[in-house]
Amino acid sequence: MAAQKINEALEHIAKAEKYLKTGFLKWKPDYDSAATEYGKAAVAFKNAKQFDQAREACLREAEAHENNKALFHAAKAYEQAGMMLKEMQRLPEAVQLIEKASMMYLENGTPDTAAIALERAGKLIENVSPEKAVQLYQQAASVFENEERLRQALEMLGKASRLLVRGRRLDEAALSLQKEKSIYKEIENYPTCYKKTIAQVLVHLHRNDYVAAERCVRESYSIPGFNGSEDCAALEQLLEGYDQQDQDQVSEVCNSPLFKYMDNDYAKLGLTLVVPGGGMKKKSPNAAQDKARGPAAVGSHADEEEDEYSGGLC
């Protein structure tokens with residue numbers, strides 16, 4: 001079966017090369033027909049699991065389309081060449097070709113297809129190079145935003161923000177989250193703005209920037225419905241605990257369902273948040289016992305201390 005497909009592919013290659021030849025009665029290569037044959041060869045090589053030869057056929061197809069000024073079809077062929085590289089686990093090279101395809105889509109006037117290609121490239125490289133994936137998602141978001149497809153832009157920005165948090169690139173994550181929040185506010189999705197504020201505060205506190213975290217909450221009071229929401233109350237409690245170095249209060253807030261059921265990357269920020277100095281500001285055991293036993297116990301405890309030192313220090 002594989003040998004048959006390889007022979008079929010080679011026949012298509014031979015036909016393509018024949019279409020590209022010129023002669024006394026044929027002054028111009030037939031790029032369109034050559035591209036079609038190279039495309040058929042690529043499919044046959046792919047079916048025979050000959051991915052490197054399939055990649056080469058795709059590149060020749062793309063070149064023929066470019067010579068024929070058919071940019072959209074050339075971009076598609078470059079994308080297919082990238083997919084062949086993916087099959088060979090040559091992911092950085094695959095991403096390069098898909099990026100090239102996206103640029104051609106933009107040049108051709110099909111920005112949506114360009115953004116989708118960039119997203120596809122981001123998914124390919126995410127586990128190998130998160131930094132590159134962030135760049136690709138941000139580029140896709142920019143294209144979608146320019147086309148006023150804000151929901152798709154937000155999806156791409158969200159992926160970038162989570163990767164930045166995962167990679168501890170917190171300064172960039174803070175900026176990315178602010179961008180998300182601004183667009184959600186623009187489309188009047190206020191409840192999601194509240195959630196982005198929580199994520200922002202967690203990022204700022206992990207950056208040890210209490211002032212930025214507090215300012216973030218203060219600015220969010222202008223978002224309709226935020227003041228008085230459970231998100232607002234939880235954040236005020238979190239900031240109070242952090243400011244007073246009360247680890248118990250901070251942990252209680254961060255372990256609440258509101259925080260624990262956020263996107264996993266932000267939930268982890270909450271669960272690992274430690275107040276400055278790693279403080280564990282707790283009430284003394286005696287104070288806790290006295291509170292449980294009532295005012296009489298407090299008086300009794302005070303009497304014991306007085307008796308202990310009633311004879312002086314000697």
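User: Is Phe72 in this model buried, exposed or partly exposed?

Analyst: This is a predicted model. Phe72 has a relative accessible area of 27%, so this residue is partly exposed, given that buried means under 20% and exposed over 50%.

User: Which helices hold Phe72 and Tyr105?

Analyst: Phe72 belongs to helix H4 (residues 71-87) and Tyr105 to helix H5 (residues 91-108), so the pair ties together parts that are 33 residues apart in sequence. Tyr105 is buried, its relative accessible area being 0%.

User: What are the distance and angle for the rings of Tyr221 and Phe226?

Analyst: Their centres are 6.0 Å apart and their planes stand at 50 degrees, so this pair is tilted. Tyr221 is partly exposed, with a relative accessible area of 34%, whereas Phe226 is buried at 0%. Tyr221 and Phe226 form one aromatic cluster with Tyr194.

User: How many residues of H10 are buried, and what is the phi of Asn208, which follows the helix?

Analyst: Of the 17 residues in H10, 13 are buried, and the helix is mostly covered. After H10 comes Asn208, with a positive phi near 60 degrees.

User: Which residues of helix H15 are buried, and against which helices do they pack?

Analyst: Helix H15 spans residues 264-271, and its buried residues are Asp265, Tyr266, Ala267, Leu269 and Gly270. These buried residues pack against helix H8 (150-166), helix H9 (170-186), helix H10 (190-206), helix H13 (247-254) and helix H14 (257-260).

User: Where is Lys268, and is this residue buried or partly exposed?

Analyst: Lys268 is placed in helix H15. The relative accessible area of Lys268 is 47%, so the residue is partly exposed.

User: What separates the C-alpha atoms of Lys268 and Arg166?

Analyst: Lys268 and Arg166 are 102 residues apart along the chain, and a distance of 9.4 Å separates their C-alpha atoms.

Technical notes. Residues are numbered from 1 along each chain as its sequence is written. This is a predicted model: local features need pLDDT of at least 70, side-chain atom pairs count only at pLDDT 80 or more; totals for chains, interfaces and linings use all residues. Side-chain values use heavy atoms; hydrogens and water are left out. Buried means under 20% relative accessible area, exposed over 50%, partly exposed in between (1.4 Å probe, protein chains only). Helices (H or I, at least four residues) and strands (E, at least two) are DSSP runs, numbered from the N terminus. Contact means heavy atoms within 4.5 Å. Rings of Phe, Tyr and Trp (its six-membered ring) pair if their centres lie within 6.5 Å; planes under 30 degrees apart count as stacked, over 60 as edge-to-face and the rest as tilted.
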